[in-house]
Amino acid sequence: MSETRRRVKLYTLNEDRQWEDRGTGHVDTLKDTTLTVTAETDGSVLLESKIKPNTAYQKQQDTLVVWSEAENYDLALSFQEKAGCDEIWEKICQVQGKDPSVEITQEPMDESEEERFEEMPESSHLIELPPCDASQLDEIAELVTSVLTSPIRREKLSLALMSTGYMKKLLELFRTCEESNNREGLHHLYEIVRGVLFLNKASLFEVMFSDDCIMDVVGCLEYDPALVQPKRHREFLTKTAKFKEVIPITDSELRQKIHQTYRVQYIQDIILPTPSVFEENVLSTLSSFIFFNKVEIVSMLQEDEKFLTEVFAQLTDEATEENKRRELVNFFKEFCAFSQTLQPQNRDAFFKTLANLGILPALEIVMGMDDVQVKTAATDIFSYLVEFSPSMVREFVMQEPQQADDDVLLINVVIKQMICDSDPELGGAVQLMGLLRTLMDPENMLAPVNKTEKSEFLSFFYKNCMHVLTAPLLANTAEENTDLTDGSAAVNPVCPDNFQTAQLLALILELLTFCVEHHTYHIKMYIMNKDLLRRVLTLMNSKHTFLALCALRFMRRIIGLKDEYYNRYIVKGNLFEPVINALLDNGTRYNLLNSAIIELFEFIKVEDIKSLIAHIVDNFYKALESIEYVQTFKGLKGRYEQEKDRQSRGLGRYRREANSFEEDEDMWLNEDQEEEDADFDKCKTDYGKYMESEKVKESQDKENHPKRTSTGCFKFTFSHPPETATNSAKPPPSSSSNSTKPTAPVSSSQPPRTGLVGLVDYPDDEDEEEHDEEEQSPRKRPRLGS
């Protein structure tokens with residue numbers, strides 16, 4: 001027998017009751033008993049399914065064949081041509097001995113029901129429907145409700161309703177009952193229509209959701225007997241919900257399909273109750289109906305080149321009104337959401353079409369608008385594009401005209417939207433941070449195809465975008481010189497107390513920590529040239545513990561690289577001082593901050609990072625030796641003594657290598673100071689708008705938050721002036737008599753804390769703590785001074 005080949009899409013229903021595309025191919029009926037789908041791309045077998053006599057196959061919407069092969073494993077073939085679907089359907093019906101005119105071959109049934117069905121007399125195989133009259137509505141409602149528990153009776157009722165045109169007669173009767181205000185009849189019609197929907201039959205859906213019937217179906221569902229007053233769903237659909245054609249749709253079939261899909265989705269999501277765990281499959285055909293409608297809508301729109309071209313022309317036209325542009329953006333957001341129903345190759349073609357038409361330049365315009373709804377919709381569109389192809393977005397960004405002002409770059413627009421997110425929970429900022437992370441991830445950069453993509457994009461980003469990303473961090477860790485009584489200067493690190501600002505800085509630090517791990521060279525240059533780690537560690541003073549942990553995690557990731565350039569930078573800048581101050585200020589509270597700091601030093605000990613061990617022991621051991629509940633610091637001291645013995649046997653070689661290393665590093669870090677100052681001024685300018693708004697918020701917050709004490713935010717002073725790494729890169733303190741020694745706190749304006757305290761520091765406990773502190777001895781761990 002000749003082989004039949006038709007082009008189809010294969011779908012499977014996942015655990016969330018959503019159809020997943022499994023590929024496109026051609027379906028064959030091998031030996032007239034097996035359905036086989038062969039992929040059109042590589043010839044692999046996508047499906048091989050034997051047509052079994054007892055399997056229930058359904059034909060839907062002229063081009064769909066749906067069936068279940070096992071429990072919770074549903075399959076669907078979507079044919080490109082109706083003729084192909086008809087031919088395969090005939091083969092299925094031929095194997096099962098069914099008439100091809102039916103739209104379902106049979107329903108699954110258990111053994112006991114099958115036995116009962118066989119025992120029924122022949123005349124009982126047909127369901128006789130009561131006359132379609134108002135006086136019979138209670139009997140009809142009872143009949144429909146009674147068959148829902150039996151697959152066989154559901155099928156027989158469906159056939160009876162279709163063969164007699166009964167549904168249209170019922171809907172005509174609904175209009176009569178509503179005109180005469182027959183509430184009892186309307187309540188029965190609600191039960192009837194709801195029950196017919198739960199029959200889960202595509203052939204009935206085609207009738208009920210047609211233009212002539214769907215509003216009457218919605219009308220029946222308004223009269224729930226459990227409600228005192230009927231719902232007004234039709235009023236919402238016809239008056240409140242307005243169909244906006246951003247560009248007139250000339251195809252009447254497409255317009256009808258859009259209306260139908262919206263209304264059916266409304267019935268499923270709003271009118272019908274949410275199915276329970278035991279009813280997940282009750283409306284599976286309804287979900288399939290909506291799914292395939294969306295696929296058809298996207299395909300029809302994509303094929304209409306004039307329509308999309310006109311949409312993009314208006315979207316990018318400067319003369320387009322704000323309201324019009326807002327509608328265009330919302331259209332594209334919904335369009336992209338619908339596109340997720342397409343099969344992979346069609347979805348690829350869809351996004352490539354949008355890219356060629358100029359979706360990315362359009363996003364630059366709309367993401368810069370003040371309208372929050374427009375920015376949110378544009379962000380969603382941007383996320384679809386990044387998820388589809390990060391390389392496409394990166395390529396566009398690098399090809400943008402190099403303007404004097406970096407503000408116009410798409411990535412900088414995205415960063416600024418993240419920084420200025422008005423949501424108190426920073427929901428939009430979190431989403432944008434994830435997109436930036438995807439764009440900056442070397443793992444999805446196409447090294448085999450384009451070996452230069454990684455280096456080119458990272459060089460571009462660090463030159464044109466990194467200063468925008470770090471602007472809030474630098475602005476909130478600015479350092480001010482305050483004249484002291486002895487004429488010297490001290491550094492007062494500014495700590496952001498505003499919760500929303502702290503959240504934003506935590507997001508930025510998370511992204512920078514990711515860069516440390518994945519960008520090695522570029523981020524290393526940036527950290528050292530900007531002395532970024534010193535600025536980050538000022539956040540160890542924040543009253544928000546999560547922000548202090550983010551700063552510590554940033555340093556931990558740097559040390560975790562075991563890069564000697566980083567280690568020398570940390571030693572020269574004396575950057576362990578704020579970390580150890582935080583450990584000492586934490587007192588005897590064994591919380592997450594305490595554990596994270598201990599883990600940092602434990603890592604240094606286990607990995608035997610010699611330069612850091614020597615620096616820690618030389619400068620901080622006296623302050624740390626009293627900590628005995630872990631052996632970390634004694635272990636560091638032991639490692640230090642062992643290395644000291646080894647150095648004494650080969651001191652000349654060690655010093656020679658160290659001097660050579662220092663010369664190389666100084667040469668590497670020799671950057672233009674004036675250029676760095678200009679960059680920092682630019683950061684402050686970029687962040688100006690955001691900081692002004694934050695000042696207003698912070699002034700309001702001061703009334704609600706406890707005021708900072710003299711040791712609350714300004715916990716330590718640096719041993720070196722806060723300049724760039726080049727200027728602050730002085731030799732580390734040695735172990736001689738001139739080295740820095742841990743001292744008791746200089747400030748005496750507040751009694752020191754002692755004893756065990758809670759895991760969380762609550763402002764309400766301040767008075768109680770002060771009372772306790774007056775009676776207790778000075779705290780166990782002295783704080784480092786300069």
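Me: Not counting residues up to four places away in sequence, which residues does Val329 touch?
Reply: The model is a predicted one. Val329 lies in helix α13. Leaving out residues up to four places away in sequence, the residues that Val329 touches are Leu315, Val366, Val374, Ala377, Ala378 and Ile381.

Me: Is Val329 buried or exposed?
Reply: Buried means under 20% relative accessible area. Val329 has a relative accessible area of 2%, so Val329 is buried.

Me: What distance separates the C-alpha atoms of Val329 and Val311?
Reply: Val311 is one of the α12 residues that meet α13. Along the chain, Val329 and Val311 are 18 residues apart. Their C-alpha atoms are separated by 9.7 Å.

Me: Are α12 and α13 oblique or roughly parallel to each other?
Reply: The axes of helix α12 (residues 305-316) and helix α13 (residues 322-339) come within 9 Å and cross at roughly 135°. Angles over 145 degrees count as roughly antiparallel and those from 65 to 115 as roughly perpendicular. The crossing of α12 and α13 is left-handed. The two helices α12 and α13 are therefore oblique.

Me: How do the residues of the contact of α12 with α13 divide into nonpolar, polar and charged?
Reply: From α12 come Phe307, Leu308, Val311, Phe312, Gln314 and Leu315. They meet Lys324, Arg325, Leu328, Val329, Phe331, Phe332 and Phe335 in α13. The division is ten nonpolar, one polar and two charged.

Me: At what angle do α13 and α16 pack?
Reply: α13 passes α16 in a left-handed crossing. The axes of α13 and α16 are 9 Å apart, and the packing angle is about 35°.

Me: By class, which residues does the contact of α13 with α16 have?
Reply: On the α13 side, the contact is made by Arg326, Val329, Asn330, Phe332, Lys333, Cys336 and Ala337. On the α16 side, the residues are Gln373, Val374, Ala377, Ala378, Asp380, Ile381 and Tyr384. By class, this contact of α13 with α16 has nine nonpolar, two polar and three charged residues.

Me: Is α15 roughly antiparallel or roughly parallel to α16?
Reply: Helix α15 (residues 359-367) and helix α16 (residues 372-388) pack at an angle of about 150°, with their axes 9 Å apart. That angle makes α15, relative to α16, roughly antiparallel.

Me: Which residues in α16 meet α15?
Reply: The crossing of α15 and α16 is left-handed. The residues of the contact of α15 with α16 divide into ten nonpolar, one polar and one charged. Ile359, Leu360, Leu363, Val366 and Met367 in α15 take part. In α16, they meet Val374, Lys375, Ala378, Thr379, Ile381, Phe382 and Leu385.

Me: How many residues of helix α24 are buried?
Reply: Helix α24 spans residues 521-530 and is mostly covered. Its buried residues are His522, Ile523, Lys524, Met525, Tyr526, Ile527, Met528, Asn529 and Lys530. Of the ten residues in α24, the number buried is nine.

Me: Leaving aside neighbours within four places in sequence, which residues is Cys550 in contact with?
Reply: Cys550 lies in helix α26 (residues 545-560). At 9% relative accessibility, Cys550 counts as buried. The C-alpha atoms of Cys550 and Leu539, eleven residues apart along the chain, are separated by 8.6 Å. With neighbours within four places in sequence left aside, the contacts of Cys550 are Ala506 and Leu509.

Me: Is Lys562 buried or partly exposed?
Reply: Lys562 is found in the loop between α26 and α27 (564-572). Although not a glycine, Lys562 has a positive phi of about 55°. With a relative accessible area of 43%, Lys562 is partly exposed.

Me: What is the relative accessible area of Asn574?
Reply: Asn574 lies in the loop between α27 and α28 (577-585). Phi of Asn574 is positive, near 55°, in a residue other than glycine. Asn574 is buried, with a relative accessible area of 4%.

Me: What percentage of the residues in the protein is buried?
Reply: The secondary structure comes to 36 helices and nine strands. The protein exposes about 39000 Å², of which carbon and sulfur atoms supply 49%. Of the 786 residues in the protein, the buried ones make up 48%.

Definitions and conventions. Residues are numbered from 1 along each chain as its sequence is written. This is a predicted model: local features need pLDDT of at least 70, side-chain atom pairs count only at pLDDT 80 or more; totals for chains, interfaces and linings use all residues. Side-chain values use heavy atoms; hydrogens and water are left out. Helices (H or I, at least four residues) and strands (E, at least two) are DSSP runs, numbered from the N terminus. Buried means under 20% relative accessible area, exposed over 50%, partly exposed in between (1.4 Å probe, protein chains only). Accessible areas come from the Shrake-Rupley method with a 1.4 Å probe; for residues, only the protein chains shown count as cover. Axes are lines fitted to C-alpha atoms, for helices over the stretch in contact, and angles run from 0 to 180 degrees between N-to-C directions. Angles under 35 degrees count as roughly parallel, over 145 as roughly antiparallel, 65 to 115 as roughly perpendicular and the rest as oblique. A crossing is left-handed if the near helix is turned anticlockwise from the far one by less than a right angle, and right-handed if clockwise. Contact means heavy atoms within 4.5 Å. Ala, Val, Leu, Ile, Met, Phe, Trp, Tyr, Cys and Pro count as nonpolar, Asp, Glu, Lys and Arg as charged, and the others, Gly among them, as polar.
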